[in-house]
Amino acid sequence: MPRANFRKPSLLSRIVRRIIMVLYRWKGWKLDGRLPDLDKFVIAGAPHTSNWDFVFFIGATAEEGVQPNFMGKHTLFRGMMRNFMFDMGGISVDRRKRANVTEQVAEEFAKRDKLALVIAAEGTRSTDGSWKSGFYHIARAANVPIVPAYVNNETMVLGFGPPIVPTDSYGETLAEIARFMQSKLPGYHRFDVLEAQARKLIEEERADG
């Protein structure tokens, strides 16, 4: 991540990262699949069932030698928290700007040599399994692939799928992701919802096209 003066990461961020790695290893998480040997991509993770999900994603990506990035409201990047948030991989987004969130994040991809952006594609923990489209639009705008990632809290396995190049059909792209997710957690109800969402989108796209 570029820094204006290439300063050393804050002490707090270094401590927090060490704690995260201790927790990740203590919990006994295992990796299934590898992150692609690419400089830039979007990691679309699901299911989002716990506030700990991102913590374990940090641990898993660190095992792969990748520092993940995440989006955060611009007000979190102020005062004493500013350096910490950037050091942890935060990308400040300001919804007051003329450029929307997709455009702002796409600009970050263009400016950086490396960026692995983690997005909880379901949006909230209370979802029925439907995915928000933000991850797709960001990947399209930044011209980067999507890496599907799943979490199985019962077996303590976190897995990465092969990179998927998003096409101009959101439905078809979502269907490809759904197939990967279902192959890892067959019969899981949220991924059945995801598959149904993809089918509906494809039907709507064909009707409109």
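This is a predicted model: local features need pLDDT of at least 70, side-chain atom pairs count only at pLDDT 80 or more; totals for chains, interfaces and linings use all residues.
Q: How many salt bridges does a search of the whole structure find?
A: A salt bridge here needs a side-chain nitrogen of Lys or Arg within 4 Å of a carboxyl oxygen of Asp or Glu. Searching the whole structure on that basis gives a count of nine.

Q: Which helix holds both Glu 108 and Lys 111?
A: The side chains of Glu 108 and Lys 111 meet in a salt bridge, at 3.1 Å from N to O. The two residues are three apart, about one turn of the helix. That helix spans residues 101-111 and is α4.

Q: Is Lys 111 buried or exposed?
A: Residues under 20% relative accessible area count as buried and those over 50% as exposed. Glu 108 has 16%, so Glu 108 is buried. Lys 111 has 59%, so Lys 111 is exposed.

Q: How many residues apart are Glu 122 and Arg 190?
A: The side chains of Glu 122 and Arg 190 form a salt bridge with an N to O distance of 2.8 Å. This pair links distant parts of the chain: Glu 122 sits in the loop between β5 and α5, and Arg 190 in helix α7. Both Glu 122 and Arg 190 are buried.

Q: Why are Glu 195 and Arg 199 separated by about one helical turn?
A: Glu 195 and Arg 199 form a salt bridge, with their closest N and O atoms 3.6 Å apart. Glu 195 is partly exposed at 31% relative accessible area, and Arg 199 is partly exposed at 45%. They are separated by about one helical turn because they are four residues apart in helix α7.

Q: Is α6 roughly parallel or roughly antiparallel to α7?
A: The axes of α6 and α7 come within 8 Å and cross at roughly 160°. Angles over 145 degrees count as roughly antiparallel. Therefore α6 is, relative to α7, roughly antiparallel.

Q: Is the crossing of α6 and α7 left-handed or right-handed?
A: The two helices touch through residues including Leu 174 and Ala 178 of α6, and Leu 194 and Leu 201 of α7. The crossing of α6 and α7 is left-handed.

Q: How many nonpolar residues does the contact of α6 with α7 have?
A: Among the residues in contact are Met 181 of α6 and Ile 202 of α7. By class, the contact has three polar and five charged residues, and the number of nonpolar residues is ten.

Terms used. Residues are numbered from 1 along each chain as its sequence is written. Side-chain values use heavy atoms; hydrogens and water are left out. Buried means under 20% relative accessible area, exposed over 50%, partly exposed in between (1.4 Å probe, protein chains only). Axes are lines fitted to C-alpha atoms, for helices over the stretch in contact, and angles run from 0 to 180 degrees between N-to-C directions. Angles under 35 degrees count as roughly parallel, over 145 as roughly antiparallel, 65 to 115 as roughly perpendicular and the rest as oblique. A crossing is left-handed if the near helix is turned anticlockwise from the far one by less than a right angle, and right-handed if clockwise. Contact means heavy atoms within 4.5 Å. Ala, Val, Leu, Ile, Met, Phe, Trp, Tyr, Cys and Pro count as nonpolar, Asp, Glu, Lys and Arg as charged, and the others, Gly among them, as polar.
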